[in-house]
Amino acid sequence: MRILLLVTAFNGLSQRAWCALREDGHDVGVLLATSGRDMIDGVRRAAPDLIICPFLKDRVPAEVWRHWRTVIIHPGPVGDRGPSSLDWAISEGARVWGVTALQAVEEMDAGPIWATRTFGVPAVPPRKSSLYNGPVADAAMECVREVVAKAQDKSFTPVPADRVPTEAPGARLRPLMRQPDRAFAWDDPTEQIVRKIRAADGSPGVRTELGGLPVFAYDALPGVGRAGRPGRLLSRRQGAVLVGTGDGSVWLGHLRAADPEHARAGIKLPATTLLGARLRGVPHSPLPAGSEPEHPATYRQIRYRRAGAVGWLSFDFYNGAMAPGHCRRLATALRHAAGQDTEVLVLRGGTDAFSNGIHLNVIEAAADPASAAWAAIRAINEVCREIITCTRQVVIAGYAGSAGAGGVMLGLGADIVAARDGIVLNPYYDMGLYGSELHTFTLPRRVGAGRAQQLIDDKLPVSAARAAEIGLVDEVGPRHPDAYTEWLTELAARESDPRAARNRRQAKSRRLAAERVPLEVYEARELAEMSRDIYADRSGFAAARHAFVRKIKPGETPARLLPGGKAPRLPKPILRPAVPMSA
C-alpha cells in the first residue's frame, strides 16, 4: 500500500512504524503537520491509500479526513479521550491502560475504532516516557499492523466507539492536565511526589521550588534511608539532588528554570548544573564502598557487577544524553571492568535509550557552547576508544534501548553488538556536525565503506532487524526487557567459554595490530572536521542545536522523508528474527 505517516514530529514511535511498514513491503512517506494548509497540500501530493497518525498533536483538517482514510493512534484505551491520557493514567494509578486506533472525524478522539490493545501498568509509577516507549509503543505497533491489514480488506468497516466496550476502568473524556492538577507539596509522601513528577516526565515537568528557585522537576527516584526537612536540599550526586519529603526523600536528576527571565530558561538540565551556586554547603553524597550492600534504588547512573566469568557494566543516562562528566565516569568504569579477570564484559545501556550521544542541552546552556561541545566530543571519544581497544575481555554491547547519532557509534567497536528487538537506530549525524566517536574506523568495518557512507548520507532510521541484516548489529534479542536480559545473559555465558573467548580476543588483538593507520589518526581526522563545525559553524550547528533544545517546530518536512523522497526502497520484506515477540 501507499501509506502516509502524518505526524507532529518524527519521534521514536513514528520511526518504528516507518521502518516496520517499509520492511513489510509498503511504500511509506512522512509528512510533518507544520500547518493546516501544508497538511492538505502534502496529502494531495502524496495521494496515499491510507493515512496513519502514530504521533499527532494537531487536528487533522476536514479536507483531509473526508477524502482519505485517516487513522489516529491514540495512547489510551477505548473510551479514553483527551490530550493528557498517559499523564492521567500514571497520576491516578491506573493498572490497565491501552492504545486505540480510531478514524479521524470532526470531534477529537471520537471516531470509529479500527483496532485496540490493552496492557498492564506497573504498581510502581513508571516515567511517562518509559511507558510510552515501552508498552504503549508495542501496543501501538500491533494496532498499526492491524489497521493496515484491515485497510486492504474492502469489506471492513470500523466499529462506532460507543459499541466497543472498554477494558480499562475509568477511561473517559478528560481535559488537558495543567500545573494545578500536577502540583504537590514537599511534605507530601515520597510515593505521591514521585508519581506526580513521573506523570509529567519528558514534558512538561512539575512546577515547584528548590533553593529559592522556581523550577520544573523531572527524573524522580525515591531516596533511600535518608530524610530531612521537606523541600530542603540534602545532598547531591552525579548531577542529581536529594530533597526532603514528608516521609523521606527524593532524588531529582533534571530541572528546568520556570522563570522566563532566567539565563537558562527553557532548557532541561542536570539538577546540579541549573542550581549551581545555590548548592553551596550542600554535601556530596558518596556512593557505597565496594564491600557495602547497595539498595537497588540508590541513585547511580553506572553500575558494575560480576557474575562468574562475566562482568556487567550498566549505564543509564537520562534520555541517553551524555555530558562530559557522564563520559568520564563511564570511561573510568570501563577501565575498571577491563582490569578484572573476567572472560566477557557486557556493556548495557538503558532500556529507554542506549545513548543519543553528546548532551546538547548542556552545551546550549554553557557560557561558551563551542568549548563545551569540544569538551563533550573529546570525552565521548575516550569511551569509544576504551571499547575498541579492550582486548582483555570479549566485549558485548547490549543495545537495550534505541540510539541516535554518536550514541549508535558508541558501541560499534564491541566484539558483539546485541540489540533488543523493536529498537530503532539512527546511525548518522543530523545536527550540523561531521561526527566523531571514531565512526570512520568502526562503521565501515561493520557494514562496508559504501553502506557506511550511505547510512551517513541518507539520514534515515534503521530497525534492529534491518541493522542485523546489514551487519550493523550482530544479534537481535527479544522485545520484552526481562526476556532480553535473560537472552543477553545466555549470550554472555556462551561467549565466556575460556578457549573461545581467548581465540576471539587474540584475533581482535591481531586485527588491531595489523591496522596500517593508527586509531589516533582516525580521531584526528574526525576532530579536524568537527573543529570547523563547532568553532566556525560551517554547517549550522549552533542554529540546529538551538532549534533542537528549544523544541522549535520545523517549517517543512525534510525531503528525505517525503513520499517519493530519497529513502531507498527495500528489495523485499525483511524476515523477522526468530525471537519471542511477546515473551
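Me: Where does T342 lie in this predicted model?
Reply: T342 lies in the loop that runs between helix 9 (324-338) and strand 15 (344-348). Helices (H or I, at least four residues) and strands (E, at least two) are DSSP runs, numbered from the N terminus. The model is predicted, so local features need pLDDT of at least 70 and side-chain atom pairs pLDDT 80 or more, while totals for chains, interfaces and linings use all residues. Residues are numbered from 1 along each chain as its sequence is written, and side-chain values use heavy atoms, without hydrogens and water.

Me: Is T342 buried or exposed?
Reply: T342 counts as buried because its relative accessibility is 5% (buried is under 20%, exposed over 50%, partly exposed in between, with a 1.4 Å probe and protein chains only).

Me: Which residues is T342 in contact with, sequence neighbours aside?
Reply: Beyond four places in sequence, T342 is in contact (heavy atoms within 4.5 Å) with Y304, R306, G308, A309, V310, G311, A337, R392 and Q393.

Me: Other topic. Which residues of helix 18 are buried?
Reply: L519, Y522, E523, E526, L527, M530, D533 and I534 are buried in helix 18.
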